[in-house]
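Visitor: I would like to learn how to read a model of this kind. Please take me through it one feature at a time.

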Amino acid sequence: MFKTLHKFFGYTNFLPLQEAIIRDVLDRKDLLVLMPTGGGKSLCYQLPALLFDGLTVVVSPLIALMKDQVDGLISNGISAAYINSSLSYAEISKIMGMIEQGDVKILYLAPERLMVPGFLEFLKGLPISLFAVDEAHCISEWGHDFRPEYRQLKALKDNFHGTPLIALTATATRDVQDDIARQLKIPQGARYQASFNRKNLYYRIEPKVNPYQQLLKHLEGRKKESGIIYCQSRKMVDSLSSSLQESGYRAIPYHAGLTTEERDKNQDRFIKDDAEIIVATIAFGMGIDKPNVRYIIHYDLPKNLEGYYQETGRAGRDGLPGDCILFFSYGDKVKIEYFIGQKEDQRDRDISYQKLRKLIDYCEGNTCRRKVLLAYFGEDFDEPNCGRCDICLEPREKFDGTVAAQKILSCVYRLGRGFGINHVIDILMGARNKKVIQNNHHTLTTYGIGKEYSKDQWQSIARELVYLEFLDMEGDKYPILRLNDKSKGVLSEGEKVFLTKPAMEPQKLHGNVDDAFDRELFEILRTLRKRLADEEGVPPYIIFPDTTLKEMATYYPNDSLSLSNISGVGEKKLQRYGDIFLNTVTEYCRAKGIKPKQTITKWPPPIHKSLSKELKTSTLRMTLEFCNKGMTLEKMAEKRGLAVSTVSSHIEKLILSGEDISIDRFVRWEKQEIITKAIGDPGTAALKPIKEILGDDFSYEEIRLVRAKMLSEKNGAGTLKPSR
Ligand code: ADP
Ligand code: ZN
């Protein structure tokens, strides 16, 4: 299993649950797998497919995705094909011929294919090892994306009684889960539910005051990153995408009002990195699998939390950080209420109102965004500080902002005619720029009276004043400030204003904070990748994902062995692209006088490469702290409300990353000796067979920890120690 993982996919570790799921699939069990986007569902059937003798059939509703998936598999040296309505009759018969010859390992099918006369019979004549039903919620009418064609899948179990079936989905409430299991006739199937927490996503809500300016601020310095901006209306999509183009961004529109060709073309440009930004209505997203979307901005309010979770979920599939920003205004809420009011069905209306209410609570609340979001999906999240949402990172205290408000308001008053926020702030802060001088504004009494706050802080104060309606803002693109009746109360009647304390630090997004890689080399590799991708007519991520390029730009591999140890470089890709990437890296290193880092371990590399990132997440760090305090596994598990096995796998990761943790405390010495013998070669030893040899006197945790110790000793001095 591990060898196949490395050889074909170039990975050295499994993502959470993958290993257990794959073992069950290999044991020919029926399964229902619930994992969030980016959780790594595909590997759960693709890897077993390689280990089974026969054919694996994958049913997927998204025609556009099939080609991508198959291209990806082929580029990893796996024989895969798809059959759907986009192919001609001749192409289909050719593929059917290849399948009969046993030349295809993984076949992707659109569900309606099962209805085509004779097709089921064709399948019945084949040695099928496994069925995988992707996006399995599409079978349920209670789900959010019911597809009638999926009803055909009920026939699978009747016709292929003994063939294991794995159903996978990223969204399913309890009811939908039961419905999927019932309809696919796998009621006894084990269920795996991964946490829906997307640890790498940062959530932030901002009052929507001057959205275009707010947007530009978020986009600053991110021209090379891909992002999606969601708007409510087609009109908004069109105008926003052209404004962004005028501001120098490669932004393109996507909505149901465009022709199919335009939509496909735009989607393709986005996927191929020919345009960084797609401005879209919620029509966009289902059919894309782009792993390196770095931000999702909700320019308008989404309809409900399910939608919001799905849309934001499209960021950071590759596990690298993604930012999810929502601009919130009451105006948008009223708009959505209006749309709901138009619905015919009373019950439908009530449910929609309820869902909207939950969304508003989420936006207005003062509770960790992650916690609220997960609670909505029935999952507890107990960490006191998630470390990746605005609430946790910028605790909001209220303060008496009357004086600050008076300064802004009186400045607007003295200006007489309308000016924008930035100019008002410049005056308050005593800036000497052209616009100030030309207008003689340095002579105003309010000039330079606001040096106690930074520009960002003034922005946030001003925005809140507008939000609280102490100040009006007019115009779309270059809005100006105006006083209103409420302003007068503050200016002349001594009305108090309570505001949120502005953050002390300038409000920075979290997209790129903890990356320490060579950006220049990364850009060079990106350009190379783009060239190769264009030559082959595939999206760049099919060649290598960003994560792989980043590792290259961290370790500077200088031979094929070190390159093969980079995550995402399997055998086939090493053959195909190894030389050209190595040459580029070597040339770069020579020109810059950089030595490759002697850090990469030989296969099987026990090093958890993403650890430095994970160590920053509080969970591993907490385990390490408790461990240093000398707690037992059980005690740590209890304290943290985690399973003992989870804690032990934390410790395993820590040991493998080079943390000096003695396992003597957790596993008695005599036991260690026996386990060591049973393991033999720690590089290839999987836990389950060892456990079977050793029996009930030894736990999985003990075996795991001994294996980690053996691996870390084996790698000795060359061990990679992530920098922290
Ligand atoms: P999902 O279908 O659940 O959204 P994918 O199967 O597309 O997830 O996988 C998400 C990302 O994680 C992909 O970029 C994939 O290559 C990567 N991935 C999957 N398994 C592993 C693994 N074991 N190690 C590293 N990366 C992985
Ligand atoms: Zn939080």
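**Ligand and metal sites**

Guide: Start with ligand 1: one of its oxygen atoms lies 2.6 Å from a polar backbone atom of Gly38. Keep in mind that this is a predicted model.

Visitor: Which other polar atoms lie 2.5 Å or 3.1 Å from an oxygen atom of ligand 1?

Guide: A polar side-chain atom of Tyr11 is 2.5 Å from an oxygen atom of ligand 1. A polar backbone atom of Gly40 is 3.1 Å from an oxygen atom of the ligand.

Visitor: How much of ligand 1 does the protein bury?

Guide: The size of an interface is often given as the accessible area lost when the parts come together. Ligand 1 taken alone exposes 560 Å², and the protein buries 79% of that.

Visitor: Which residues come nearest to ligand 1, and how does its shell divide?

Guide: Tyr11, Asn13, Gly38, Lys41 and Ser42 come nearest, out of 13 residues around ligand 1. The shell consists of 4 nonpolar, 7 polar and 2 charged residues.

Visitor: Which residues coordinate the zinc ion (ligand 2)?

Guide: The SG atoms of Cys368, Cys386, Cys389 and Cys392 coordinate the zinc ion, at 2.3 to 2.4 Å. The spacing of these donor residues in sequence is C-x17-C-x2-C-x2-C.

Visitor: Why is the arrangement around the zinc ion called tetrahedral?

Guide: The ideal angle for four tetrahedral donors is 109.5 degrees. Here the 4 donor atoms subtend angles of 103 to 116° at the zinc ion, so the arrangement is tetrahedral.

Visitor: Are Cys389 and Cys392 buried or exposed?

Guide: The cut-off for buried is under 20% relative accessible area. Cys389 has 0%, so Cys389 is buried; Cys392 is also buried, with 12%.

Visitor: What does the domain assignment give?

Guide: The assignment gives domain 1 (2–193), domain 2 (201–393), domain 3 (398–500), domain 4 (526–592) and domain 5 (611–715). Taken over C-alpha atoms, the centres of domain 1 and domain 3 are 59 Å apart.

Notes. Residues numbered from 1 in each chain as written. Chains lettered and ligands numbered in written order. Predicted model: local features only at pLDDT ≥ 70, side-chain atom pairs only at ≥ 80, totals over all residues. Heavy atoms only, no water. Donors = N, O, S within 2.8 Å, 3.2 Å for Na, K, Ca; no water. Tetrahedral: all angles 85-135°; square planar, octahedral: opposite > 155°, others 65-115°. Buried < 20%, exposed > 50% of the residue type's maximum accessible area, 1.4 Å probe, protein only. Near = heavy atom within 4 Å. Polar contact = N/O pair within 3.5 Å; in protein donor to acceptor, adjacent residues only side chain to side chain. Areas by Shrake-Rupley, 256 points an atom, 1.4 Å probe, with all protein chains shown as cover. Nonpolar A, V, L, I, M, F, W, Y, C, P; charged D, E, K, R; others polar. Domains from an automatic or database assignment.
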